[in-house]
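This report looks at one protein chain.

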Amino acid sequence: MPTPVKLDTAVLDPDRVSLLIGGRVHRDWNRYDIDSDLLTPADAWQVTLGLPDGQFPPQVTPGAPVEVRVGTDTVMSGRIDEIRHALARGQHRLEINGRDGAAILLDCSAPQFNGRRAALSEVLASLVRPLGITRIALRSPHDPVLDKVDTEPGDTAWAVLARLAEAQGLWPWFEPDGTLVVGGPDYAAAPVASLVVRTSGTGNNVLSLSLSRNMAGRYSEVNVLGQSHGTAAGNGAHAVLATACDREVGHYRPRNVVDADVASAEAALTRARKLVNDARLDGLSLVAEVGGHRTAGGVLWAPGQR
């Protein structure tokens, strides 16, 4: 299974999935799954293979750093979470599971810190660098200054990160090289492919297409309730309320969200609007199944593409 770091065969087969662990490449799987989604923290991967001779590479251990590659392209960077052996009659099966760089933020508590009048980029660095994440990119027109930032002892790093991002109408995710990005989708990016579905079957490149609309997670109105602290420029407020409505919901479905420290009514409204938009997005699912890992132009499918 393991070979030295040399991907000549991957160049010949651009869809071959391999793991780079401890300076060696592992491939030839019986089965593999790779999940990647902008809105899902900690993208995951899983591979399964047989071990007829029972030999197992010693460098493959839980917690080991991993690069998941398709051909020569890295699609995910993270660590091994779990290694599972299964023995049956005439079989020895190995399953390896892992997640990307968001896993440690999702699992671990946030570093304790209090800050005043700090730029969002500075707060992000203080939050994630103690957990080993050094590549950070803020993709926003502005680097907003936060009046006050507190972390609670029970907060995970991801919960704090998501709360900070949502307050600015942004969202965090990890890129394949392990960079933490806080930003939004780039609607100006050029489309990478066109998906074709014709009832005649001529020229189709989609194997199946499904559309689902769901009302379960949508709300006619979202109310963000909170309080703001006092600053040198003014007093705090104890009854901050902002409401955003979803006119497409035809009956009364309210949701109240409490924000213990919201900077202002404007910030509360920004969060309320984002929650409405996120719920609208979650309620619409359009799934297209295509063959292979790449577009017709040879570009790997990835979150955020058009």
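## Terms and model

Buried means under 20% relative accessible area, exposed over 50%, and partly exposed in between (1.4 Å probe, protein chains only). The model is predicted: local features need pLDDT of at least 70, side-chain atom pairs count only at pLDDT 80 or more, and totals for chains, interfaces and linings use all residues. Residues are numbered from 1 along each chain as its sequence is written, and side-chain values use heavy atoms, with hydrogens and water left out.

## Salt bridges

A salt bridge is a side-chain nitrogen of Lys or Arg within 4 Å of a carboxyl oxygen of Asp or Glu. The structure holds 19 of them. In one, R69 pairs with E67, with the closest N and O atoms 3.2 Å apart. R69 counts as buried because its relative accessibility is 14%, while E67, at 27%, is partly exposed.

Another joins R218 and E248 at 3.0 Å, N to O. Here R218 is buried, at 10%, and E248 is exposed, at 54%.

## Two helices

The axes of helix α3 (residues 120-128) and helix α4 (residues 157-167) come within 11 Å and cross at roughly 170°. Therefore α3 is roughly antiparallel to α4, a term for angles over 145 degrees. Helices here are DSSP runs (H or I, at least four residues), and strands are runs of E (at least two), numbered from the N terminus.

## Residue D100

D100 lies in strand β8 (residues 91-100). D100 is buried yet has no salt bridge; R99, the nearest side chain of opposite charge, is 7.1 Å away.

How values were computed:
Lys, Arg positive; Asp, Glu negative; His and termini not counted. Axes fitted to C-alpha atoms, helices over the stretch in contact; angles between N-to-C directions. Parallel < 35°, antiparallel > 145°, perpendicular 65-115°, else oblique.
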